[in-house]
Amino acid sequence: MELKNETVLIMDFGGQYSQLIARRVRECNVYCELRSYKISADEIKKNKYKGIIFSGGPNSTYEENAPVCDPEIFRLGIPVLGICYGAQLMAQSLGGKVKSSEAKEYGKTEIECNTSSLIFHSASAKTVCWMSHTDYISELPHGFKTTAISDGCPVAAMEDIKRHFYALQFHPEVQHTQEGMLYLKNFLYNACGCTAEWKMSSFVENTVKELKKKIGSKKVLCALSGGVDSSVAALLVHKAVGKQLTCIFVDHGLLRKDEGDQVESVFRKQFDMNLIRVNAQDRFLSKLKGVSEPEKKRKIIGEEFIRVFEDESKKLGAIEFLCQGTIYPDVVESGTGEAAVIKSHHNVGGLPEDVGFEGIIEPLRDLFKDEVRKAGTELGIPDFLVQRQPFPGPGLAIRIMGDVTEEKLDILKDADAIMREEFAANGLDKKADQYFAVLTGIKSVGVMGDGRTYDNTIALRAVTTSDFMTADWARIPYDVLERISNRIINEVKNVNRVVYDITSKPPATIEWE
Ligand code: XMP
């Protein structure tokens, strides 16, 4: 089965939910690509897309320089679904009218829909959806019928079934739209005729086949960090070409407690991979000695990582391919250029392009993070690796305020391990999106037994977030905090105070450095 027979195109008009639309379409088991709204009708025709979705966007269709699509798209005979700005653009392009309203309709809104229309087939006649607009379609284009209304919106949805054009003023991709997935499925299956063939098991099978063909009898090198992306990418290649793949795992000594051993054990013992573990803690610590400025620490770690990797790979002789764990959001963030996403961090694993390889292999280029996790599970990678919370490339070095020493690393590793154990024991590992301990660099006075102490303060940080750009501090039950605090004071040497960070992002960041 050719997996990408059925591809749906999502045209990005700069909306904040464009990537979310793509994820939802994939959740309906339909493969899709997110491209700029500037894509031409010719290219669309060439790529044989089964359907097109216009995303939302921040503009008004009647503004000068508002983004518009190639008008030929409407003559291709391919079904189109317009969402929010995309709906208004469809209306305006086909002869309808769009107006600005006095009242902005924002948030959960009740709509009434015509359940005999294609999009609302099998849906509830009255339901709640998520609106976010000031403009609305005031006049239908010729050939269209209104299929849903709300108090503030005479055309909450419209369709022209003959020409396969559908439009929704609200956001079906957002969770608050109660039956949003049903509307998307109706479009994908009933309007576009997609058959839901995009499944993780077939992705893994097909990718392994393609990799075998591409790599042949050549050799591949991969920098394994133990993070989700590089692990899954490496394992796909390993499945395809076995020992032709060599992985270099640079252990910079800044990982969490026992993490280096766990990574080694999974890849060496469970998967019998060609793995070179470089224990480079001393190299990193000596470079970091006396350095307390956060950005400087990051830079040193990034550079040293590349040095170590180069030193090791030189020992291996000529290798044709480099495997990297690039995922779809990395590709589209630098690709469509429409959404205002600014990537603030680059992983330490980022290698310079001129390391002299014949080609780069990026088996995860088409996948979203949650799909990468699914692929990992499909490949048999244990949950603790596949479901793990994000961990910064510079590791614990940016969770130790000030300069980094082995003694400080030991304190932090022990405190952090206790926090993680207690989070897991109380089911909080599923509720918080990131959680960790910080060695604050503050020393304070305490009493222990009969004696006065002057020792370290550990801060606990736990946040909930969906995009890591903004975050809220997690509401952790007091009894769990109490237990973590007691255990850290009793079990970790040189700590006499534990505090909990109750700052959201912004104004704070998630990490302390
Ligand atoms: P902040 O602290 O900026 O963190 O709110 C947002 C997310 O990015 C991670 N982070 C990093 N990841 N290298 C990385 O690979 C870094 O230097 C870095 N700094 C922060 C952080 O853990 C959180 O998930």
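This is a predicted model: local features need pLDDT of at least 70, side-chain atom pairs count only at pLDDT 80 or more; totals for chains, interfaces and linings use all residues.
Residues are numbered from 1 along each chain as its sequence is written, and side-chain values use heavy atoms, with hydrogens and water left out.

**View 1. Strand S3, covered on both faces.** Gly51 and Ile53 sit on one side of S3 (residues 51–54), Ile52 and Phe54 on the other, and all are buried (under 20% relative accessible area, 1.4 Å probe, protein chains only). Strands here are DSSP runs of E, at least two residues, and helices are runs of H or I, at least four, numbered from the N terminus. S3 pairs in the parallel sense with S1 (residues 7–12) over four bridges; pairing takes at least two DSSP bridges between two strands. Leu9 stands opposite Ile52. S4 (residues 80–83) also runs parallel to S3, joined by three bridges, and here Phe54 faces Gly82.

**View 2. Helix H3, largely enclosed.** Seven of the nine residues of H3 (residues 85–93) are buried, so the rest of the structure largely encloses this helix. The buried ones are Tyr85, Gly86, Ala87, Gln88, Leu89, Met90 and Ala91. They pack against S3, S4, S5 (97–113), S6 (126–139), S8 (153–160) and S9 (165–168), with contact meaning heavy atoms within 4.5 Å. Just after H3, Gly95 takes a positive phi of about 105°.

**View 3. The parallel open sheet of five strands.** The order is S12-S11-S10-S13-S14. S12 (274–279) and S14 (359–361) are the edge strands, each pairing on one side only. On average, neighbouring strands are turned by 25° against each other, direction ignored. S11 (residues 245–251) pairs with S12 over six bridges, and Ile248 stands opposite Ile276 in S12.

View 4. Axes are lines fitted to C-alpha atoms, for helices over the stretch in contact, and angles run from 0 to 180 degrees between N-to-C directions. Among the residues making the contact are Phe203, Val204 and Leu211 of H5 and Leu236, Val237 and Val241 of H6.

How values were computed
Buried means under 20% relative accessible area, exposed over 50%, partly exposed in between (1.4 Å probe, protein chains only).
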